Amino acid sequence: MSKLTRNQKLVADKVEAGKAYSLKEAAELVKEITTTKFDASLDIDVRLGVDPRKANQMVRGVVSLPNGTGKVTRVLCLCTPDVEAAAKEAGADYVGLDEYVEKIKGGWTDVDVIITMPSCMGKIGALGRILGPRGLMPNPKSGTVTMDVAKAVKEVKQGKIDFKVDKAGIVHASIGKVSFSPEKIYENAKEFIQTIIKLKPAAAKGTYLKSIFISSTMSMGIKVDPKSVE
């Protein structure tokens with residue numbers, strides 16, 4: 001068995017095996033156990049008591065994190081000429097329509113979010129095979145197909161993220177950076193979890209929040225007591 005490094009030993013001494021911490025405790029502890037030299041991302045994993053294979057138990061939604069994600073989000077707005085100026089003013093990195101549709105057909109996907117209008121979906125629908133697997137396909141449910149593209153761009157730039165439960169019944173998301181204060185980490189995590197609670201399907205039976213873990217890039221996960229959030 002390999003020996004623990006000095007940093008690994010310090011981390012192991014700080015996290016009690018099997019203990020479920022309150023969300024506030026976890027927000028402080030995740031900063032203490034992060035030893036990376038770069039500003040690591042903060043991730044949250046919530047296991048739900050749902051069966052994602054059933055349409056009436058699918059959990060999907062959007063949340064505006066009160067303190068943003070700490071990441072630079074590159075936004076492409078595919079829109080008609082009359083709203084291009086508003087989209088640019090709202091902070092969109094790329095604005096246009098036909099020229100970007102052609103670029104995407106050629107393999108270009110160097111963006112994080114694509115926002116568009118209902119009237120433009122006819123041209124964008126053909127891009128599904130390219131955008132779908134990359135999670136870039138605009139969707140009304142995530143607020144990325146809207147008449148008010150400027151508002152949507154601004155919200156994404158300020159920290160709005162969308163999430164969806166995976167096949168294993170787990171919701172994964174990045175909710176900030178380790179450089180955030182414990183208070184900001186707590187506020188973002190609480191907003192995210194409470195949004196998931198509000199989306200509980202009527203068909204879901206038994207325990208809904210089965211487990212919650214918070215971690216940073218390359219750190220161990222910290223178990224969070226769901227009762228400290230509800």
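1. Start with the largest pocket: 33 residues line it, and Asp112, Gly135, Ile161, Asp162 and Phe163 lie nearest its centre. A pocket here is an open set of points on a 1 Å grid over the protein atoms alone, with protein on both sides within 12 Å along at least five of seven lines, and lining residues have an atom within 4 Å of a point. This is a predicted model, where local features need pLDDT of at least 70 and side-chain atom pairs pLDDT 80 or more, while totals for chains, interfaces and linings use all residues. Residues are numbered from 1 along each chain as its sequence is written, and side-chain values use heavy atoms, with hydrogens and water left out.

2. Its volume comes out at about 870 Å³. Strand E6 (160–164) is one of the elements giving two or more residues to the lining, and its five residues make up the largest share. By class, the lining splits into 14 nonpolar, ten polar and nine charged residues.

3. Elsewhere, four strands make an open antiparallel sheet, ordered E7-E1-E8-E9. E7 (170–177) and E9 (222–224) are the edge strands, each pairing on one side only. Two strands pair if DSSP finds at least two bridges between them; E8 (residues 209–216) and E9 have three. Isoleucine 212 sits opposite valine 224 in E9.

4. What about glutamine 194, buried or partly exposed? Glutamine 194 counts as partly exposed because its relative accessibility is 29% (the class runs between under 20%, buried, and over 50%, exposed, with a 1.4 Å probe and protein chains only). Glutamine 194 belongs to helix H8 (residues 182–198).

Technical notes: On a 1 Å grid over the protein atoms alone, a cavity is a set of points where a 1.4 Å probe fits but cannot get out, and a pocket is an open set with protein on both sides within 12 Å along at least five of seven lines; lining residues have an atom within 4 Å of a point. Grid points are joined across faces, edges and corners, and a volume is the space filled by probe spheres set on the points. Ala, Val, Leu, Ile, Met, Phe, Trp, Tyr, Cys and Pro count as nonpolar, Asp, Glu, Lys and Arg as charged, and the others, Gly among them, as polar.
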